[in-house]
Amino acid sequence: MSRFPVVLTSSASALALIATTAAASAQTAEPQQPSQTAQAADPAAEEVVVTGIRASLARAADIKRDAPQVVDSIVAQDIGKFPDPTTAAALQRVPGVQVTVGGNNEIVNPLIRGLGDILTTLDGREIFTAAGRGFAFQDLPAEALARVDVFKSNTANLIEGGVAGAIDLRLNKAFDYRDPTIAIGGKLSYASNIEKLSPQVSALVTDRWDTGIGEIGVLVSASWYDIQFNRPTHYVAERRAGSALGNPDVAIPISTGGLNEYGSYSRPQANASLQWQATPELQVYADGLYSAYRGKFATAFYEYQLFNSSSVTGVTTDDNCFTARVNGAGFNPNSNELAAGENQPGGYTTRNICNMVGGTFNNISSFTSMQAKNHKTDSYLGALGLKYEGDRFTAVLDASYQESIVNNETFIVDTGKKVAAATVDFDNPDKTAVITIPGNPMASADGYTFVNGLFQDYSRSAGDLLAIKLDASYEVGSILKTIEFGGRYADRGAVFDQVQLGIAPPGGSGNTLVTAAGVPDDFFIRAPGIPQINQGAPFLVPSREYLLSDEGQSRLRAFFGAPAGQPPFDPTRRFEAAEKTYAAYIQAGYEIPLGDTVTVDGKLGLRYTRTDRTITGTGRVDGVPVTTTADTSDEDWLPNASARIQFGGGLQARLTYSKTLARPAFGSLNPGLNYIVSTNPNIRNSGSGGNPDLRPQKSDSYDATLEYYWKSGYIAVGGYYRDITDRVINGVDVETIDGIVYNISRPRNVGQAKLKGVEVSGQMFFDFLPGDLAGFGVFGNFTYADSEVSGGDQLAGFPLQGVSKYNFNAGLLYDRNGISGRVVYTYRSEYFDEDRSGAGDVRPVDADPWLNYVRPNGRLDFSLSYDVTPRLTFMVEGTNVLRSRYRSYINEDYFIRDVRTDDSIYAVGFRARF
């Protein structure tokens with residue numbers, strides 16, 4: 001799939017032609033300052049090295065004020081010092097951006113104004129992870145970045161592909177530094193959950209030289225960290241009418257338990273920049289990046305199967321009662337059972353059901369599971385380019401190639417036993433559960449059997465991109481200030497392979513002792529406990545190291561009757577995509593003076609894009625693998641218009657319109673069908689299929705802002721409106737395949753959504769205060785997001801998934817006499833993160849849809865640094881110091897579900913410059 005040699009071959013002639021032309025015109029042209037358009041096209045056009053919180057915020061305000069789009073920026077405070085520990089953590093401070101916490105305690109999945117369809121670029125070049133459209137921001141450490149720009153409105157010169165907007169990550173460049181520079185940094189972090197230390201180091205070296213062929217600059221930067229983590233989660237599963245336990249009118253969870261994701265991950269990264277100012281007008285440059293992720297971790301699972309008990313005693317309920325439809329197994333009926341009718345064979349009954357809040361389950365089945373994982377990501381990017389800046393004409397030609405590969409290995413073994421009793425309490429003031437099991441029998445190896453099955457999951461996801469882009473601008477003057485034009489060719493490939501193999505234990509679930517497999521005495525290890533179960537007491541799981549060893553896998557495969565060796569990839573889970581995109585644009589920049597102080601300027605542009613795509617996938621028809629190839633083409637015209645009115649004295653208003661699009665994910669386009677038979681009786685058989693005829697999502701986007709800037713700060717108020725069509729949604733339908741019933745999920749273009757909201761942001765330092773008090777400042781922002789799903793979506797009338805209506809940041813700053821500090825509180829209101837409408841939860845008859853809601857949440861972070869000398873700084877920082885937790889419930893406040901204990905992390909470190 002590698003196209004890197006093609007980059008060099010196909011671009012060489014074009015690069016040489018522009019270089020020759022530019023060099024000839026350079027003999028008569030005088031050097032000029034780069035225009036705004038050229039700066040937008042070339043991240044290296046500015047010589048800016050800021051230090052300290054105040055300088056960082058001031059530079060971000062300048063970018064916001066001068067940009068032709070609605071933009072919010074984050075600027076590094078110093079070399080290797082971003083305002084927050086990670087890129088995504090810093091993005092959560094941007095108005096309109098909301099994030100979540102991942103399983104390893106990293107901030108992940110930023111949404112811009114409620115949408116995750118974000119185009120990510122690196123120095124203006126599209127970047128992604130493996131076979132996906134999106135980019136995993138955690139894969140590029142914040143230490144590598146000089147700046148991040150969050151584009152909330154679009155102009156024609158920006159690459160298409162994000163309905164929500166675009167995020168441009170900018171690396172340091174050699175010509176950003178006037179003097180030779182060596183910078184090093186180190187940090188030691190302590191995580192309160194795992195109570196271990198994690199190291200982090202970074203370094204940057206750069207210099208520039210005047211030579212006989214022009215000035216040459218070189219920069220090399222690298223970083224590495226190895227993080228230990230532990231994130232326990234407790235859950236109360238979906239409810240089911242308790243007929244099987246003699247309580248038909250009580251909603252009882254099918255199980256309760258927890259999981260603890262723990263282990264380590266490392267992220268090595270290196271990037272380099274070479275710049276050659278061949279003439280005063282012509283610059284030649286080359287960039288390179290390598291970033292990687294290595295995850296060595298485990299998910300230790302722990303469950304009490306409440307319906308697999310001989311009896312339940314001491315049942316208590318609260319006043320939360322409702323009328324529900326119930327099938328023969330106590331679940332909400334599926335579409336087939338609804339069609340059969342009430343009180344009919346194969347149908348359902350209707351009864352009044354009350355919520356269970358406590359009870360003791362006797363002779364209960366329980367199990368633990370080790371999900372042993374090795375995850376590996378490698379991403380490479382190389383680029384060559386020319387930048388010409390003449391008297392009135394500027395041009396940037398950039399050719400780049402990226403490759404990203406993800407390899408994931410998961411090996412799972414479940415073990416279980418019968419436990420005498422488990423007492424549950426779901427009625428606690430903090431909306432969490434307390435589970436008590438006398439004697440903690442799951443911490444003893446006696447009596448463990450193999451249950452559920454042996455499960456193997458191997459996947460490889462790879463993507464590559466060859467892109468050639470030209471951006472040019474001609475300065476006209478007068479009212480028509482500039483004419484900008486350009487084009488882009490992109491050749492994208494994506495391949496995904498996977499195998500999932502589940503095999504039941506010999507003799508059936510729960511019938512064979514673990515000792516019968518001949519495993520070593522240290523087969524079981526103690527996993528970190530779950531706070532809500534036996535007050536966090538440890539429990540036993542199979543050893544991760546043994547499950548991932550050649551010896552362990554060989555023995556267990558043989559014992560379970562699985563084929564020897566790693567199973568080959570399943571052809572029915574493969575898809576392969578090839579996509580070529582052609583784009584061209586033209587854009588006019590205008591400036592109209594209206595009197596002595598008032599000026600109106602802006603952009604009027606149009607971008608044309610065509611996408612030709614071939615995608616191949618394999619599914620099963622009547623048990624036989626069938627490969628399908630689909631060819632599709634899309635053409636789109638994307639207009640944009642903006643106006644900025646400068647009233648003078650720092651006051652300005654902005655109006656923008658743009659049409660944007662987001663192409664469907666390759667996995668959603670896959671024409672194949674994937675499904676699997678569950679080996680766990682409490683989990684329904686399920687699967688998913690793609691849709692190669694999906695159209696791009698499109699949005700008409702409107703923004704209006706009023707901004708006021710003064711010497712020590714600014715305040716801005718903005719409103720936005722998005723009308724989105726062709727939203728891709730997944731619908732779940734019951735399908736029978738080879739006589740087995742599955743819940744199959746498929747994507748469709750039936751969704752629409754409207755988003756509107758208000759963003760208020762500001763910052764200032766108290767320069768008017770006396771002495772050192774003048775170093776204090778404040779910053780903050782507030783977002784009101786009103787979203788509504790419409791169209792043929794079953795969520796019509798509801799807000800978008802993952803969107804909080806209210807979000808704010810409030811921070812106190814200090815920057816004076818070498819002391820820099822920040823304390824910031826981030827809050828987001830309730831939102832839903834899962835649509836469970838197709839699940840089997842018993843529920844009120846009028847509850848449609850059926851959603852999993854996350855309760856309101858806030859986090860407090862701080863950082864403090866001291867410049868011992870102008871070249872040496874020490875720092876201390878803390879993240880989530882109030883130990884905020886994720887807590888959720890299923891549609892009704894009393895149906896408590898998950899509690900995830902997010903880590904509090906403290907760090908000390910240093911930065912030095914030479």
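**View 1. Arg 828 lies over the face of Tyr 831.** The distance to the ring centre is 3.8 Å. A charge sits over a ring if NZ of Lys or CZ of Arg is within 6 Å of the ring centre and within 35 degrees of the ring normal. This is a predicted model: local features need pLDDT of at least 70, side-chain atom pairs count only at pLDDT 80 or more, and totals for chains, interfaces and linings use all residues. Residues are numbered from 1 along each chain as its sequence is written, and side-chain values use heavy atoms, with hydrogens and water left out.

**View 2. Arg 900 places its charged end over the ring of Tyr 886.** Here the distance to the ring centre is 3.8 Å.

**View 3. Tyr 290 and Tyr 380 form a tilted aromatic pair.** Rings of Phe, Tyr and Trp (its six-membered ring) pair if their centres lie within 6.5 Å; planes under 30 degrees apart count as stacked, over 60 as edge-to-face and the rest as tilted. By this rule there are 34 aromatic pairs. Tyr 290 belongs to strand β15 and Tyr 380 to strand β17, so the pair ties together parts 90 residues apart in sequence. Strands (E, at least two residues) are DSSP runs, numbered from the N terminus. Tyr 380 is partly exposed, at 40% relative accessible area. That class lies between buried (under 20%) and exposed (over 50%), using a 1.4 Å probe and protein chains only.

**View 4. Phe 229, Tyr 265, Tyr 293 and Phe 297 make up one aromatic cluster.**

Conventions:
Helix = DSSP H or I, 4+ residues; strand = E, 2+ residues; numbered from the N terminus.
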